[in-house]
Amino acid sequence: MKILGGLSIDYDSWDFLFVSLKGNKLAPHTGISGESDHRFRSLDEFIMNNIDYIDERISYAEKRNSFKTESIFFRLPREYASKKETENVISLNVSNKVKRITYKDIDYAKKQVENISLSLKDTCIHHLVSEYRVEDKTFSKPPVGLWARKMCIKSMIIFIPSDLHGVFMDSFSNVERKFSGFVYSALADYSAAYNSIVDKLTFVVNIKKNDTTLSCFRKGNIIFEKMYDFGNKSVISYVAKRLSFTEELASDLVFKYGSFYDTDFSKEISVREQDTYINVSLVTLNNLIKEAIADNISIIMSDIDNKYLSDDYTVLFIGKIVQKDGFYDFVKQHFNMDIEHLLYNKFSSCAFGCVHYGITRLLEKENPGDSLWQRAIRFYKDYF
């Protein structure tokens, strides 16, 4: 059994998930989390200021569980990545002779596109091809086996400054950890639910601490992304205001006792507010949580329906509040939508999706026939 790690950050907190790779199966093993000082001005400041503490927590968990984390992936927040859409014609060999296209040629052509599109100060972390063209024919998958002199590739490149990549490599190396790269947030979130590319239009809603992101995928390609200025704190603020509690107390109530299931009217919890104890009805608490979530999700669903009213689509929800009991049943009934379930919902789905995509490179496979195990073997060959 191999143990890999996925590190995900959300404003002033972070989650680290240990993921086991055994046979042909990835599964969460255990997780840890912590707080960080959000006064960092950039991502390199975050990792330099927090890597020692994160490493200490990882080491403690390793000793307690008797394993060693062999490699770590980092979920890259949307605001730290750059994207570029490209369309380039690439000669398949120096002599420009007709040849039979192989997967090696596909990889070579993609590298050439990256060299053309990016400067020396940039590092490509993902290359998503939406279309291949050979002569007058268009293909959504690599046109392996065809004979050609050149090939046109239409794609999206996601990249970061090379300096940032170097800081992460050095920071992990300083604590003797293997850093295996960045996984863009939307791709990590998609991989929290899917083992293969789906044809159906897919919307991924990630409800985070301060905001919510909406990502749209079609056949493995990112169609668009949008951010909304509400998140878990909006739900907490709503509950706090309606119950006249502090936000700290409201947060404890929401995440310790809240649920989306119907509750017996007689059930109450006793909470301490300053020097007094107050009884809170679980029905009231849960109804307030449902109201806050429904109001916010309604805005997102309205945006989706206005754009894709006639399309058949599915929606995937990710986030801490999504893990509360009954969430999926509630949104499915309330909005009458097709809901996609996460592969694992017990631990941080963001961190799991990060590792899952890091190993499988689900939307960037040169060979769509590769299994998870084949991808893992290739990953470990690179590692050793």
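Trainee: At what angle do helix α5 and helix α6 pack, and how far apart are their axes?
Mentor: Helix α5 (residues 232-243) packs against helix α6 (residues 247-257) at an angle of about 110°, and their axes are 8 Å apart. Axes are lines fitted to C-alpha atoms over the stretch in contact, with angles from 0 to 180 degrees between N-to-C directions; helices are DSSP runs (H or I, at least four residues) numbered from the N terminus. Because angles of 65 to 115 degrees count as roughly perpendicular, α5 is roughly perpendicular to α6.

Trainee: Which residues make the contact?
Mentor: From α5 there are N232, I236, S237, V239, A240 and L243, and from α6 there are E247, A250, S251, L253, V254 and F255. Contact means heavy atoms within 4.5 Å.

Trainee: What is the basis of the model and its numbering?
Mentor: The model is predicted; local features need pLDDT of at least 70 and side-chain atom pairs pLDDT 80 or more, while totals for chains, interfaces and linings use all residues. Residues are numbered from 1 along each chain as its sequence is written, and side-chain values use heavy atoms, without hydrogens and water.

Trainee: Changing topic, what volume does the largest cavity have?
Mentor: Its volume is about 50 Å³. A cavity is a set of points on a 1 Å grid over the protein atoms alone where a 1.4 Å probe fits but cannot get out, and lining residues have an atom within 4 Å of a point. The volume is the space filled by probe spheres set on the points, which are joined across faces, edges and corners.

Trainee: Which residues line the largest cavity?
Mentor: The lining consists of V205, I207, T212, F230, G231, V235, I293, N296, I297 and I300. The largest share, 4 residues, comes from α7.

Notes:
1 Å grid on protein atoms, 1.4 Å probe; cavity = no way out; pocket = protein on both sides within 12 Å on 5 of 7 lines; lining within 4 Å. Helix = DSSP H or I, 4+ residues; strand = E, 2+ residues; numbered from the N terminus. Parallel < 35°, antiparallel > 145°, perpendicular 65-115°, else oblique.
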